[in-house]
Structures are given as structure tokens and as C-alpha cells.
Amino acid sequence: MSAKTILVTGANGEIGHGLIDYLSEYGGFQIIAMDLVPIDEAVKSKCHRLVTGDILDPHLLETLSTEHNFDTIYHLAALLSTRAERQPTLAHRVNVDGTLNLLEIAITQSRLQGKRIKFIYPSSIAVYGLPDLETKKKAGKIKENQYLSPRTMYGINKLYSEQLGTYYANYYRQLDAHPLNGQIDFRGIRFPGLISAATLPKGGTSDFAPEMLHMSAKNKNYECFVREDTRIPFMAMPDAITALLKLQAAPAEKLTHAVYNISAFNPSALEFSKILKEAFNSADIKFISDYRRQAIIDSWPEDVDDTAARSDWSWEPKYSLDKAFSEYLIPTVRKKYS
Ligand SMILES: NC(=O)c1ccc[n+]([C@@H]2O[C@H](COP(=O)([O-])OP(=O)(O)OC[C@H]3O[C@@H](n4cnc5c(N)ncnc54)[C@H](O)[C@@H]3O)[C@@H](O)[C@H]2O)c1
């Protein structure tokens, strides 16, 4: 069987690293890795082709599309929430126009190949917007169709891009005599905050948890920018990668949603710090809330209801909170910084 060609945008990012590692280990894939910045050495050798370029450059994307037949597009490139809030117009261009460019490529590829191209899209819990802390506490695990009033540029971009994907999958050019609807197989996951032991995030608002982990492991002080009682859902990076691959592989007829919540654990920031202080005796973590970033986190849910993902494509995290720290995060960061 010939290798399937996979396009990964944002390949140099945290999820890109994990995804490419997994795909190359698993075998049978020809990975075309694209990013604005040159791809790291660690990932280079695992890819068939490296493309340094901008998803806002339609000519580059069209050229790529004439040179390869993509089976699946993992569209990871984005500006994350904190960075997007600081550069909102750039964020809108990258997160929305960039996604539109990739959806157009997926449509072109579908037409050329005469089959539905899979488009895998990492969305975020930032699509939710809880009006105040009291509502957040009462709401508990929220479902995919609740509280969709994001208060950040990033959340708005993600929610709209989910809807664009759904439009391209079901209604694209619906007034044409021979409409092309149904040619993209769009599948999305609303990720919680992700924690990788291998890489550090840049520009997100859930970064306090991974930053706390890496700084503690490096014996450095850390000033956490949210209050001790702050609670949002998190997940270990390997589970996020598994989820993308599982959703990609799920039979289309089983899918009842275009975009799914997934959940693993949701400790408070204080609970996080306690685990780290136990693991790293010298960990020095102070809580100095930045009220602007805090307000963003306070608008995100305490937890999400992932019943649909569990029943439609057998989503189940491998890592509970205890397991994530004892079997993945702490041993891996210890090794990394020893
Ligand atoms: N990490 C998380 O906690 C998290 C949570 C929810 C959703 N997500 C989503 O998952 C995806 C990947 O996240 P990540 O954590 O790997 O982010 P990241 O910031 O580590 O990686 C994003 C990559 O996109 C690239 N990029 C940015 N603009 C580009 C452009 N114009 N053209 C080409 N490449 C460009 C960046 O250079 C970077 O390597 C994003 O869409 C993000 O919104 C991440």
C-alpha cells in the first residue's frame, strides 16, 4: 500500500512536534511539514518535505497542492490566545483567513482526487465564554452547544473557523447547479490547555500550568499569573495527539458532531503547585494574578462534557491527573533538565 500524504501546518509548534513524532513512528505516512519558521532539527528527519512559508500565501499553498495529493490536512498553524489578544488583526488574518486558505486547498484536492479530504482542526475551550465566576462554578461540565460567547479574539476566530469548516463540509456553493457539498470531511476537537513535558508553550493563556512545571523542574522561581483557585481543564500532550489520530480514523457514519469536547483532568492552580512542590523540593511558586489574563481564564469553563466524543469515537484519556504527573510529566522533565 502506498504511503498516505499528510499536510501538517504549524508543524514546528507543540502539537506539531508530538503529531509528527507519532506519525513517523507509526509509519505509512508521507509528511509534508509547513511552518512560518524553519522546522526544528528534531522533527526534520521525520518528514518527507519541509516547507518554510506562510499559510496566508495562497500561491504557496496552490503550488503545494499541485505537487502532492493530500489524504489528510492537520491544520495546526495559529496565533494562540494571549498573542492574539495583543495582535488582534494579525490573529484574525492567521486564524481565520489562514484557515479559509487551507479549506480552499482541501476543496481543490477533493475535486482533483475525487474523494473527501479529511480536514482535522484543533479548536479550543476558548470558544466558550462564561459571563462571571458564579456562573462558571455553577455550570460545571459544559456541553458543545452551551455558552458560545467567547470574549477573546482567539476564541472568536476558533468558533468562526469551526463554522467555516462545517460550511465547507456541508453547504459549500450550495446554489450551484452541481454543488460540491460533502467533499471535505471536517473534524474538530476543542482542546483544553495542553501540557507537554518536551516543549514549552508560547503565547497561550493556559500556559501557567506548563510554565509552572518546566520552571519547577529547572529549579527556577515561578510567578503564576492566575489566582490559586483558578480551575480550567487540562490534558497531557500524548493524549491530545492520540485524540487527533483517533478522530481522524473514526468512521464518518459514527460522527454526530463536527467538533467535539474532550476532557482529562482539571486541578486548580494551587493543586498543580502542590504536586510540583512535592516532586521538586526547591520549587518556588508564587501567585501574582494578572487581572487581564485572569479575566480571560475566568471566562473559560471549569470542565467540559465529553460524552459525545466518548460514545462516537471511543475517546478516553490515558492520563488521569496522577498518572500524567507520575508516569509522564515529572519523569520526562526530570530527564530533560538533569
Ligand atoms: N497548546 C494548547 O494548549 C492548545 C489548546 C487548544 C488548541 N490548540 C490549538 O492547536 C494548534 C496547535 O497549537 P500549538 O500548541 O502547537 O501552538 P504553537 O504556537 O506551539 O504552534 C503554532 C505554530 O504555527 C506556526 N504559525 C503561526 N502563524 C503561521 C503562519 N502564518 N503560517 C504558517 N505557520 C504559522 C507557528 O510558527 C508555530 O510553530 C493551534 O491551532 C492551537 O490554537 C492548542
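**Group meeting: a walk through the predicted model**

Let me start with Tyr-154, which sits in helix 7. Helices here are DSSP runs of H or I with at least four residues, strands are runs of E with at least two, and both are numbered from the N terminus. This is a predicted model, so local features need pLDDT of at least 70 and side-chain atom pairs count only at pLDDT 80 or more, while totals for chains, interfaces and linings use all residues. Residues are numbered from 1 along each chain as its sequence is written.

Is Tyr-154 buried or exposed? Tyr-154 is buried, because 27 other C-beta atoms lie within 10 Å. The cut-offs are these: buried takes 20 or more other C-beta atoms within 10 Å of the residue's own, exposed takes 12 or fewer, partly exposed is in between, and the C-beta atoms are placed from the backbone. Leaving aside residues up to four places away in sequence, Tyr-154 touches Leu-80, Ser-81, Ala-84, Glu-85, Ala-91, Asn-95 and Ala-126. Contact means that the two C-beta atoms, placed from the backbone, lie within 7 Å. Ile-285 is 131 residues from Tyr-154 along the chain, and their C-alpha atoms are separated by 28 Å.

An open sheet of 7 strands runs in the order 3-2-1-4-5-7-11, and the pairing is parallel. Its edges are strand 3 (49-52) and strand 11 (259-261), each of which pairs on one side only. From one strand to the next the twist averages 20°. Two strands count as paired if DSSP finds at least two bridges between them.

At one end, strand 2 (residues 29-35) and strand 3 are parallel and share 4 bridges. Met-34 stands opposite Val-51 in strand 3. Further along, strand 5 and strand 7 run parallel and are joined by 8 bridges, with Phe-119 opposite Phe-186 in strand 7. Strand 7 also pairs with strand 11, in the parallel sense, over 3 bridges. There, Arg-190 has Asn-261 of strand 11 as its bridge partner.

How many residues of strand 7 are buried? The count is 8 of its 8. In a regular strand, side chains alternate between the two faces of the sheet. In strand 7 both faces are covered: Ile-184, Phe-186, Gly-188 and Arg-190 are buried on one side, and Asp-185, Arg-187, Ile-189 and Phe-191 on the other.

Strand 9 (221-224) shows another pattern. Strand 9 runs parallel to strand 12 (residues 284-287), with 4 bridges between them, and Asn-221 has Asp-284 as its partner in strand 12.

Next, the helices. Helix 1 (residues 14-26) lies across strand 1 (4-9), strand 2, strand 4 (72-75) and strand 5 (117-124), at about 165° to strand 2. Helix 5 (residues 88-113) packs on the sheet as well, touching strands 1, 4, 5 and 7, and its direction makes about 160° with that of strand 5. Those angles run from 0 to 180 degrees between N-to-C directions, and the axes are lines fitted to C-alpha atoms, for helices over the stretch in contact.

Helix 9 gives a length check. Its 13 residues (237-249) should span 18 Å at 1.5 Å a residue, and the end C-alpha atoms are 19 Å apart, which agrees. The expected span is 1.5 Å times one less than the number of residues. Among the buried residues of helix 9 are Met-237, Ile-241, Leu-244 and Leu-247.

On to the ligand. Which residues are closest? Of the 29 residues that surround the ligand, the closest are Gly-10, Gly-13, Ala-78, Pro-122 and Phe-191; a residue is near if its C-beta atom, placed from the backbone, lies within 6 Å. Helix 1, helix 5, strand 5 and strand 8 (193-195) each give two or more residues to this shell, and helix 1 gives the most, with 3. The shell divides into 14 nonpolar, 11 polar and 4 charged residues. Nonpolar covers Ala, Val, Leu, Ile, Met, Phe, Trp, Tyr, Cys and Pro, charged covers Asp, Glu, Lys and Arg, and the others, Gly among them, are polar.

Last, two backbone angles. Most residues other than glycine have a negative phi. Tyr-147 has a positive phi, near 50°, and lies in the loop between strand 6 (141-142) and helix 7 (153-170). Asn-219 also has a positive phi, near 60°, and is in the loop between helix 8 (208-217) and strand 9. Tyr-147 counts as partly exposed because it has 18 C-beta neighbours inside 10 Å; Asn-219, with 12, counts as exposed.
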